[in-house]
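Here are a few exercises to work through with the model open beside you. Try each one yourself before reading the solution.

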Amino acid sequence: MTTAFRRADRRVSPVFLALVAAMAVSGWAVWSEKLAANTGFAVFLFVVSGWVVSLCLHEYAHARTALHSGDLSVADKGYLTLNPLKYTHVLLSIVLPVIFLLMGGIGLPGGAVFIERGRIRGRLRHSLISAAGPLTNVLFAVVCTAPFWLHGLDGVPVPFRCALAFLALLQVTAAILNLLPVPGLDGYGVLEPWLSHSLRRQVEPIAPFGLLLIFGLLWVPELNRAFFDLVHTVLGALGVSEVYSYFGQEFFRFWQGAPQIGGVS
């Protein structure tokens, strides 16, 4: 009975499988251009479903690393099922990141799985648990950009290239933002175990507002420009031209009309 219960707690959720299926079908629609008149809508579905899939994998990475570090409670909480509805803060983990995606094309780092830190021994393990999420975004970005850095774009339709580039941009923005050493974000979680107890106590009240602080800073034009310069530098290193990510976002905003992509090849 216990074994069966534990297996159920680790079985991949139908909700996650539905998200993967939506990503696959919409990706096929973008690639085949079967819905040529609605390519933008297909790109929209592909990017949104792909983004939510990456959020699920981000949280799963935290939970899986915690499991192997000693916190067996993550299985009982359903975190290993990849079901986004099991997260501690569905609003922070899924809803807000999707809203910010719609508003500004930023891969906002999401909410959390609740890790019982008292069950985990060793500062390195605590750091690895925090690092696991953003590293998943890095891996997702590498996979999305594989056709670019492997020089395998021959035969890949331009809308699909653009959609992959924009999805990769979201992963890079999420990874960079989440790795900032700001209380409340994973970057601070990596450093926190190595800080003195008194310093941790001092910054603890700031943690709930860390994400709001980052969001506010991104409204400063100079900081926003510097941030996206860094993002495009990383994408450039992965072989992705800024032109592709730009038109990926233009396709994504299908309600604004189809973009003119003459000259993009």
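A salt bridge here is a side-chain nitrogen of Lys or Arg within 4 Å of a carboxyl oxygen of Asp or Glu. Keep in mind that this is a predicted model.

**Exercise 1. Find how many salt bridges there are by this rule, and work out which residues they join into one network.**

Solution. 
- Step 1: Start with the total, which is 3 salt bridges.
- Step 2: Take Arg119 and Glu116, whose side chains meet in a salt bridge at 2.5 Å, N to O.
- Step 3: Go on to Lys77, which pairs with Glu116, the closest N and O atoms being 3.0 Å apart. Lys77 sits in the loop between α4 and α5 and Glu116 in the loop between α5 and α6, so this pair ties together parts that are 39 residues apart in sequence.
- Step 4: Asp71 belongs to the loop between α3 and α4 and Arg119 to the loop between α5 and α6, so parts 48 residues apart in sequence are tied together.

**Exercise 2. Decide for Asp71 and for Arg119: buried or partly exposed?**

Solution. 
- Step 1: Recall the cut-offs: buried means under 20% relative accessible area, exposed over 50%, and partly exposed in between.
- Step 2: Asp71 has 0% relative accessibility, so Asp71 is buried.
- Step 3: Arg119 has 43%, so Arg119 is partly exposed.

**Exercise 3. Describe how helix α2 and helix α8 are oriented to each other.**

Solution. 
- Step 1: Two packed helices are described by the angle between their axes and the distance between the axes.
- Step 2: For α2 (residues 14-32) and α8 (residues 158-178), the axes come within 8 Å and cross at roughly 140°.
- Step 3: Angles over 145 degrees count as roughly antiparallel and 65 to 115 as roughly perpendicular. The two helices, α2 and α8, are therefore oblique to each other.
- Step 4: Look at who meets whom: Met23, Gly27, Val30 and Trp31 of α2 meet Pro159, Phe160 and Leu167 of α8.

**Exercise 4. Where is His58 placed, and is His58 buried or exposed?**

Solution. 
- Step 1: Locate His58 in helix α3, residues 39-69.
- Step 2: With 5% relative accessibility, His58 counts as buried.
- Step 3: Beyond its neighbours within four places in sequence, His58 is in contact with several residues, among them Gly133, Asn178 and Asp186.

Methods:
Residues are numbered from 1 along each chain as its sequence is written. This is a predicted model: local features need pLDDT of at least 70, side-chain atom pairs count only at pLDDT 80 or more; totals for chains, interfaces and linings use all residues. Side-chain values use heavy atoms; hydrogens and water are left out. Helices (H or I, at least four residues) and strands (E, at least two) are DSSP runs, numbered from the N terminus. Buried means under 20% relative accessible area, exposed over 50%, partly exposed in between (1.4 Å probe, protein chains only). Contact means heavy atoms within 4.5 Å. Axes are lines fitted to C-alpha atoms, for helices over the stretch in contact, and angles run from 0 to 180 degrees between N-to-C directions. Angles under 35 degrees count as roughly parallel, over 145 as roughly antiparallel, 65 to 115 as roughly perpendicular and the rest as oblique.
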